[in-house]
Amino acid sequence: MTTTPIHRAPDSATARQTLALAGVFQAASLVDELARTGQVDTRPWETLIRATLDTNPESFEAIYGGHPNNLRRGLEVLEAVVGRQQANPVVLRYGFSLLLLMNKLRTDDGMMTALGQHLNRIQGQAEHFGATHENVIASLGEAYQETLSTLKTRIVVQGDPSMLQSRMMPERVRAILLAGIRFALLWHQQGGRRWKLVFQRGALKKALDQLG
């Protein structure tokens, strides 16, 4: 991923919630694209994977690589939602399902602990192989499968069946779903709540306009 200068994250709680929510919907968009085409752009993919591995970031903006454009895909989905424009219903379903899964995860202390232990191990792998090496992606996928996939609420991914069964595709999809959960947790930590998506649409739109 191209190194970009650090742009200080906005102090506004709504703007930070918006950036975190963009991460959720960026994950949703990439899952849809992977399932249909088997390919994704490098920048949004690497942003999400690195964010998932960085469980102790030095700053809020460091989570997404220092520049809002790293979350541009997710910001565009949000802009469509807030502006009441046509958005891909499959992407929206994945995004809102990730928020629902996050709520179930954060009330399950055992699962949170298990997920943390998985990520601690995977960080060591990433230091050795590199953040986006297939061994790391496989481990992230396994972490999702052994934790979040065991909940009654599951995300059923639609797409090209032959694509979804191809080598490393299930692992890549699960790794990105895990990244979506990471940003959903961040959104909640910043004060994000589902009711705000309905009743604070104007504030979200203003934050999106400022992020440009």
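What follows is a short exchange about this predicted model.

Q: How many helices and strands does the protein have?
A: The secondary structure comes to 10 helices and 0 strands. Along the sequence the pattern reads α-α-α-α-α-α-α-α-α-α. The radius of gyration is 16 Å, close to the 17 Å that the globule rule gives for 212 residues, so the protein is as compact as a globular protein of that length.

Q: And what does the C-alpha trace span along its principal axes?
A: About 40 × 35 × 35 Å.

Q: What share of the residues is buried?
A: Buried residues make up 50% of the 212. The accessible surface comes to about 10200 Å², and 48% of that belongs to carbon and sulfur atoms.

Q: What about contacts between residues at least 6 apart in sequence: how many join residues at least 24 apart?
A: 81% of them do.

Q: OK, on to H2. What is its reach from first C-alpha to last?
A: Helix H2 covers residues 42-53, which is 12 residues, and reaches 17 Å, close to the 16 Å expected at 1.5 Å a residue.

Q: Why call H2 largely enclosed?
A: Because 9 of its 12 residues are buried, H2 is largely enclosed by the rest of the structure. The buried ones are Pro44, Trp45, Glu46, Thr47, Leu48, Ile49, Ala51, Thr52 and Leu53.

Q: Which helices do those buried residues pack against?
A: The buried residues of H2 pack against H1 (13-37), H3 (72-82), H5 (109-129), H6 (134-146) and H8.

Q: Glu46 is a charged one on that list. Which residue does Glu46 form a salt bridge with?
A: Arg50, with the closest N and O atoms 3.8 Å apart. An α-helix has 3.6 residues a turn, so residues three or four places apart point the same way.

Q: How many salt bridges in the whole structure?
A: A search of the whole structure finds 8. One of them joins Arg73 and Asp41, whose closest N and O atoms are 3.6 Å apart. That pair links distant parts of the chain, with Arg73 in helix H3 and Asp41 in the loop between H1 and H2, 32 residues apart.

Q: How accessible are Arg73 and Asp41?
A: Arg73 has 17% relative accessibility, so it counts as buried. Asp41 is at 47% and counts as partly exposed.

Q: Which residues are linked in a network of salt bridges?
A: Glu33, Asp41 and Arg73.

Q: And what does Arg72 form a salt bridge with?
A: Arg72 pairs with Glu79, the closest N and O atoms being 3.9 Å apart. Arg72 counts as buried at 18% relative accessibility, while Glu79 counts as partly exposed at 32%.

Q: Switching to H4. How many residues, and what reach?
A: Helix H4 runs over residues 89-106, has 18 residues and reaches 26 Å from its first C-alpha to its last, close to the 26 Å expected.

Q: Which H4 residues are buried, and what do they pack against?
A: The buried residues are Val90, Val91, Tyr94, Gly95, Ser97, Leu98, Leu99, Leu101, Met102 and Leu105. They pack against H1, H3, H5, H6, H8 and H9.

Q: Where is Gly180, and what does it touch?
A: Gly180 lies in helix H8, residues 169-189. Leaving aside residues up to four places away in sequence, Gly180 touches Val24, Ala27 and Leu98. Leu98 is among the buried residues of H4. Gly180 is itself buried, with a relative accessible area of 0%.

Q: What is the C-alpha separation of Gly180 and Ala22?
A: 9.4 Å, although the two are 158 residues apart along the chain.

Q: Last one: which residues form a nonpolar patch on the surface?
A: Trp195, Val198 and Phe199, with about 390 Å² of accessible area together. Trp195 is in helix H9, residues 194-199, and is partly exposed at 47% relative accessible area.

Definitions and conventions
Residues numbered from 1 in each chain as written. Predicted model: local features only at pLDDT ≥ 70, side-chain atom pairs only at ≥ 80, totals over all residues. Heavy atoms only, no water. Helix = DSSP H or I, 4+ residues; strand = E, 2+ residues; numbered from the N terminus. Buried < 20%, exposed > 50% of the residue type's maximum accessible area, 1.4 Å probe, protein only. Contact = heavy atoms within 4.5 Å. Expected span 1.5 Å × (residues − 1). Patch = residues over 30% accessible without salt bridge, like charges linked within 9 Å, V, L, I, M, F, W, Y side chains within 5 Å. Areas by Shrake-Rupley, 256 points an atom, 1.4 Å probe, with all protein chains shown as cover. Salt bridge = Lys/Arg side-chain N within 4 Å of Asp/Glu carboxyl O. Rg over C-alpha atoms; globule rule 2.2 N^0.38 Å.
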